[in-house]
Every structure is written in structure tokens, then in C-alpha cells.
Amino acid sequence: MLKHVDAGVLSVAYLEAGAPGGSPVVLLHGFPYDVHAYDEVAPILASSGCRVLTPYLRGFGPTHFRSAQTPRSGQQAALGSDLLALVDALAIDRAVLAGYDWGGRAACIVAALWPQRVRGLVSAGNDGYNIQDIAGSINPQAPEYELRYWYQFYFHSERGRAGLARNRHALCKLLWRLWSPNWSFDDATYDRTAASFENPDFVDVVIHSYRHRYGLAPGDSSLEDIERRLADQPAIPVPTVALHGEANSVLPAGGSGRREARFSGAYRRQVIPVVGHNVPQEAPQKFAEAVLSLI
């Protein structure tokens with residue numbers, strides 16, 4: 001069921017399934033995806049007694065800013081702040097947080113900075129530590145990794161902004177194909193999600209995200225305290241399952257540096273064969289099992 005709640009600077013649209021009194025689980029999508037990434041995960045969790053909440057992130061679908069004056073920031077602190085505001089607005093004391101890409105980043109931030117609100121973390125993508133090192137972003141990586149991030153560098157230019165605005169559906173569909181080369185999704189599956197990219201703030205939020213993470217755009221001044229805390233690359237103390245698709249072509253298994261040491265709580269890493277970047281939609285049973293292992 002689609003619901004809405006005012007949470008911080010956003011009116012958040014979210015899907016809810018399962019028993020209202022069940023163990024809360026928040027499922028968080030990435031870019032360029034939306035809540036449909038969890039269409040097969042949520043029913044598994046709901047049938048296991050969980051209260052499942054799947055929000056549209058800022059800039060996606062029917063989620064919208066409550067004020068025209070709020071900066072259309074896509075920085076990591078904004079994503080973490082949005083998630084904290086959502087669980088506050090829904091009066092959830094502790095939840096399992098599960099996500100990938102942007103959503104995994106939001107989950108990691110809340111788990112690191114407000115661990116008392118987190119029962120467990122499922123973070124999909126390499127080693128699971130998804131907090132950006134903005135100060136270190138100036139340091140180039142090996143050429144094969146730089147090549148994989150072409151879309152980020154494209155978004156640094158005004159030509160890239162225009163390209164995203166004009167070709168958002170074709171560009172994002174290309175990313176789906178490149179990042180999950182073994183996933184045979186059909187047009188109907190893609191189109192269900194691509195409707196979320198028509199949000200009027202989508203382009204602004206996306207472009208700001210990929211500029212701010214490289215220090216190329218200023219952040220929202222109201223979030224600077226959170227960014228300062230994240231600059232220390234804080235450890236994540238909650239029980240964590242890190243999932244990684246072996247065929248993730250934007251971030252190969254092993255990545256450019258393993259950071260398991262950033263987890264001070266119980267930690268388990270699982271590589272899933274054949275699966276690419278969009279782990280919950282490509283391997284819903286595996287993703288659901290990871291969540292249930294923390295409940």
C-alpha cells in the first residue's frame with residue numbers, strides 16, 4: 001500500500017506491507033532504480049512477520065520536497081538525514097536497514113552515526129561500507145575503475161546535466177544493462193521504475209550527488225555537521241551482512257580496496273554468483289534471507 005508521511009524536509013512516499021506490529025525493516029533503493037527493486041523481497045519479509053517499509057528516495061517518484069527553498073541536494077548527508085527523519089516520523093525505535101547504492105549509503109550512515117536506531121544492516125555492494133570519502137575523492141583510481149565511473153564524470157559537466165535531462169530514460173536503461181550484464185529484464189520491468197525519474201527534482205538531485213561527492217559542489221549548509229562526522233569514516237558497530245553481486249560491472253567483487261575493518265560489530269560478506277548491481281531485484285530470495293538473518 002502506498003502511503004505518505006511528512007519527514008524532515010520531505011513528504012516521503014513509501015510502500016508498507018506486513019503486520020503493523022512486526023519487526024520493522026526499511027528497504028532502500030539506489031540510483032537509477034526505485035521501490036520496484038523490492039517487489040519480490042517485500043512479500044517474503046512480510047510473510048515472515050516483518051513490517052516492511054520501502055520509501056522512494058528524494059528526487060524519485062512521488063516523494064517531494066515540502067518547501068521550494070530547500071536545496072535539491074543529493075549529498076550523502078542528505079540521504080542519511082532523510083532516513084533518520086523517516087524512522088522518527090513513523091515512531092520506529094529500531095529497524096533493520098537494508099539497501100544498495102544510494103539506499104545502502106543512507107543505511108550505512110544511520111548505522112554508523114545513530115547505531116541505537118539500527119537492529120542490523122544489509123548493505124549490498126562490495127564490502128558493504130558505503131560512506132563516501134570525499135576528501136580522498138581527488139585521488140585517481142586505477143584506469144579500469146575510472147572507466148567504470150564514466151557516467152559520474154559526465155554528470156560533472158553541464159553537457160552531462162543536459163544529457164540526463166533530455167535522455168534520462170535511455171541513459172538509465174543503459175546503466176541497468178551495463179551494471180547487470182546477466183539480468184534479462186524486459187521493457188515493462190524497466191518502464192515501471194523509469195516513471196520515477198519524471199520527478200521534477202530528479203535531475204537536480206542526481207547531478208548534485210555526483211558533483212558533491214568529488215568536492216565539486218557545495219553542500220546544504222544545514223547538513224554540514226553530519227558531513228564533518230562522515231569525513232572521519234566512522235566505523236559501523238551494528239551486525240552487518242554485506243552482499244555483492246559477482247557480475248556487478250560498476251563495482252567488481254573485491255573493489256579497489258577492502259574495508260571490512262570499518263565494521264566493529266558482527267560482519268559477514270557474501271558474494272552472489274551471476275548477479276549484478278541490483279541485488280534485491282536480481283536475487284530477491286538471497287536478499288530477503290540476509291535481512292531475516294538479522295531478525
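Reader: How much space lies in the largest cavity?

Author: About 100 Å³. This is a predicted model, where local features need pLDDT of at least 70 and side-chain atom pairs pLDDT 80 or more, while totals for chains, interfaces and linings use all residues. Residues are numbered from 1 along each chain as its sequence is written, and side-chain values use heavy atoms, with hydrogens and water left out.

Reader: What makes a space a cavity?

Author: On a 1 Å grid over the protein atoms alone, a cavity is a set of points where a 1.4 Å probe fits but cannot get out; a lining residue has an atom within 4 Å of a point. The structure holds 2 cavities of 30 Å³ or more.

Reader: Which residues are closest to the centre of the largest cavity?

Author: Of its 13 lining residues, these are Pro 55, Tyr 56, Leu 57, Asp 82 and Leu 83. Helix H2 (76-89) and strand S2 (10-17) each give two or more residues to this lining, and H2 gives the most, with 4.

Reader: How much space lies in the second largest cavity?

Author: About 50 Å³. Its lining residues include Leu 83, Asp 93 and Arg 117, and H2 provides the largest share, 3 residues.

Reader: Why is Cys 108 called buried?

Author: Buried means under 20% relative accessible area (1.4 Å probe, protein chains only). Cys 108 has 0%, so Cys 108 is buried.

Reader: How many disulfides are there?

Author: A disulfide is a pair of cysteine sulfur atoms within 2.5 Å, and the count by this rule is 0. For Cys 108, the nearest cysteine sulfur, that of Cys 50, is 20 Å away.

Technical notes
Buried means under 20% relative accessible area, exposed over 50%, partly exposed in between (1.4 Å probe, protein chains only). On a 1 Å grid over the protein atoms alone, a cavity is a set of points where a 1.4 Å probe fits but cannot get out, and a pocket is an open set with protein on both sides within 12 Å along at least five of seven lines; lining residues have an atom within 4 Å of a point. Grid points are joined across faces, edges and corners, and a volume is the space filled by probe spheres set on the points.
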